[in-house]
Amino acid sequence: MSQSEQKNEHSLGSEGASEAGDPSAQAEAAVDATTADAQAVSAGGTTPSPADSAAEGTARQVEPEPVEEPQSFPVTIIVRRYDPEVDEEPRWVDYDVQMFATERILDALHRIKWEQDPSLAFRRSCAHGVCGSDAMRINGKNRLACKALVKDFDTSKPIYVEAIKGLPLEKDLIVDMEPFFDSFREIQPFLQATGKPDKERHQTIAQRERFDDTTKCILCAACTTSCPVFWTDGQYFGPAAIVNAHRFIFDSRDEASQVRLDILNDQEGVWRCRTTFNCTDACPRGIQVTKAIAEVKQAMISGVKL
Amino acid sequence: MTATIENPNYAYPARSAGRRGPNLEKAGWIFMRASGVVLVVLIFGHLAFNLLWTPGGIHAVDFGFVGGKLAQPFWQWWDVLMLWLAILHGSNGMRTIVNDYVHKPTIRTVALWAIGIAAAVLIILGTLITFTFNPCPEGADLSLLPSFCAEL
């Protein structure tokens with residue numbers, strides 16, 4: 001193999017690039033094939049001939065399929081950096097990385113952190129869209145970095161990556177999630193049932209289906225931090241808390257629906273929702289967030305319909 | 001194995017625990033929807049009667065036309081209802097915007113009071129004028145007044 005490659009290089013040097021392809025292809029085919037096949041290749045090329053079909057009876061000719069090498073392409077990522085010990089204000093920093101079409105924004109951040117600037121700080125855990133650690137604002141929209149493919153963005157322009165808005169910025173892409181989790185805790189996100197049955201608590205398929213959509217929440221905060229009301233007033237419970245309240249309010253086994261409705265029937269509760277649908281657009285799990293909020297509003301007006 | 005926590009400890013009381021007075025957010029939300037629907041009927045009814053139904057359209061709207069309308073109880077109540085709903089709907093919307101976007105407590109209080117006073121003044125003046133309006137002022141040119149003024 002190495003000999004033929006050397007020969008190929010030599011011929012490329014002396015005869016030019018246009019003729020260089022043929023000898024190497026023939027040489028590669030000849031390495032794996034039998035002597036008879038190699039003769040057929042050198043004699044007839046790729047067109048099938050009677051000699052070829054006769055030879056196939058003993059050993060099938062293997063045509064090397066042209067496998068396209070994955071091509072990497074340059075992408076400019078502009079990250080909003082902030083180091084509280086150095087910077088007074090966050091600053092935008094550009095990084096050029098070579099990306100493949102199958103890769104995600106998270107891979108670009110890894111490449112920056114591992115190869116260019118180890119001081120870049122961001123959260124990620126499972127890297128497969130389940131843990132909800134790496135929600136960030138990518139080109140102005142809240143996305144999970146591990147679910148946003150680079151090829152889905154216009155790579156002729158830079159991709160802007162910054163921390164989610166509305167929560168206190170700690171460093172680079174990391175924000176303080178505690179206010180978000182406080183809202184979540186406040187709506188009592190746990191099953192409250194008094195009876196103690198011998199076996200499991202029964203539920204029909206339809207009863208389970210009623211709140212299925214809101215069970216998908218991974219608490220990534222993409223919805224809450226895309227909400228304009230939350231940006232301007234951090235006191236608002238936010239879509240994620242309401243979604244998780246919805247999950248228990250409409251659960252037929254739970255007995256504390258009214259408690260949660262009273263909590264959300266607050267000045268900072270569901271009535272602050274302006275139905276801008278930012279949360280539904282941002283949700284990486286495809287939860288119909290605005291619809292869930294509307295159902296909670298409806299339950300406050302005309303009671304919980306399971 | 002099941003463990004039941006008898007008294008779940010969540011040290012996060014509802015946000016507005018220190019709030020005074022009734023919570024009117026739900027009532028406000030319902031009012032905005034209901035008044036919106038009614039206003040669509042009232043405003044388009046108003047426009048259709050004044051501009052389409054009345055011969056002459058916009059050119060026929062003068063003192064006599066308005067005076068004649070405000071002499072009838074039907075149109076008095078129509079206009080008063082439209083006034084109240086439109087002013088309350090609009091000022092509640094303004095209140096919402098102020099609550100969403102004004103953060104400094106002093107400016108917020110001033111803005112909310114300004115909206116409230118403006119709404120109150122407009123509603124009181126409008127209601128007063130609609131019910132105390134005199135369509136036939138003394139000594140005016142009869143040709144400019146509603147037709148029934150001649151019979152007085």
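Author: A residue is called buried when its relative accessible area is under 20%, exposed when it is over 50%, and partly exposed in between. The model discussed here is a predicted one. One pair shows how the terms are applied.

As background, side chains of opposite charge can pair when their charged atoms come close. Over all chains, the count comes to 22 salt bridges.

A second pair has another kind of setting. A:Arg111 and A:Glu103 meet through their side chains in a salt bridge, at 2.6 Å from N to O. Here A:Arg111 is buried, and A:Glu103 is buried as well.

A:Asp182 and A:Arg185 belong to helix α6 of chain A, residues 178-186, and are 3 residues apart, about one turn of the helix. Their side chains form a salt bridge of 2.9 Å, N to O. What is the cover of A:Asp182 and of A:Arg185? A:Asp182 is at 24% relative accessibility, so it counts as partly exposed. A:Arg185, at 31%, counts as partly exposed too. Apart from these pairs, A:Glu268, A:Arg272, A:Arg274 and B:Asp100 are joined into one network by salt bridges that share partners. This network takes in residues of chain A and a residue of chain B.

A:Asp212 is found between α7 (205-210) and α8 (228-232) of chain A. Because its relative accessible area is 26%, A:Asp212 is partly exposed. A:Asp251 lies 39 residues away from A:Asp212 along the chain, yet their C-alpha atoms are 9.4 Å apart.

In the whole structure, a search finds 2 cavities of 30 Å³ or more. The largest cavity holds about 100 Å³ of space. It is lined by 15 residues, and A:Cys217, A:Cys220, A:Cys223, A:Cys283 and A:Ile287 are the closest to its centre. This lining is made up of 14 nonpolar residues, no polar ones and 1 charged.

For the second largest cavity, the volume is about 70 Å³. Its lining has 13 residues, with A:Cys227, A:Cys273, A:Arg274, A:Thr276 and A:Cys279 the closest to the centre. A:Arg274 also belongs to the salt-bridge network described above. Helices α8 and α11 (278-282) of chain A each give at least two residues to this lining, which divides into 9 nonpolar, 3 polar and 1 charged.

What volume does the largest pocket have? About 810 Å³ of space lies in it. Among the 31 residues lining this pocket, B:Glu25, B:Asn92, B:Arg95, B:Thr96 and B:Asn99 are the closest to its centre. Chain B supplies at least two lining residues from each of α1 (25-53), α3 (73-101) and α4 (105-132). The pocket lining is divided into 11 nonpolar, 10 polar and 10 charged residues.

Chain B also carries a nonpolar patch on the surface, with about 800 Å² of accessible area together; B:Val40, B:Ile43, B:Phe44, B:Leu47, B:Leu51, B:Leu52, B:Ile58, B:Val61 and B:Val66 form it. Helix α1(B) gives the largest share of the patch, 6 residues. B:Ile58, one of the patch residues, sits in the loop between α1 and α2 (63-70) of chain B. Its relative accessibility is 56%, so B:Ile58 counts as exposed.

Conventions: Residues are numbered from 1 along each chain as its sequence is written. Chains are lettered from A and ligands numbered from 1 in the order in which they are written. This is a predicted model: local features need pLDDT of at least 70, side-chain atom pairs count only at pLDDT 80 or more; totals for chains, interfaces and linings use all residues. Side-chain values use heavy atoms; hydrogens and water are left out. On a 1 Å grid over the protein atoms alone, a cavity is a set of points where a 1.4 Å probe fits but cannot get out, and a pocket is an open set with protein on both sides within 12 Å along at least five of seven lines; lining residues have an atom within 4 Å of a point. Grid points are joined across faces, edges and corners, and a volume is the space filled by probe spheres set on the points. Helices (H or I, at least four residues) and strands (E, at least two) are DSSP runs, numbered from the N terminus. Ala, Val, Leu, Ile, Met, Phe, Trp, Tyr, Cys and Pro count as nonpolar, Asp, Glu, Lys and Arg as charged, and the others, Gly among them, as polar. Patches are made of residues with over 30% relative accessible area and no salt bridge: like charges are joined within 9 Å, nonpolar side chains (Val, Leu, Ile, Met, Phe, Trp, Tyr) within 5 Å. Accessible areas come from the Shrake-Rupley method with a 1.4 Å probe; for residues, only the protein chains shown count as cover. A salt bridge is a side-chain nitrogen of Lys or Arg within 4 Å of a carboxyl oxygen of Asp or Glu. Buried means under 20% relative accessible area, exposed over 50%, partly exposed in between (1.4 Å probe, protein chains only).
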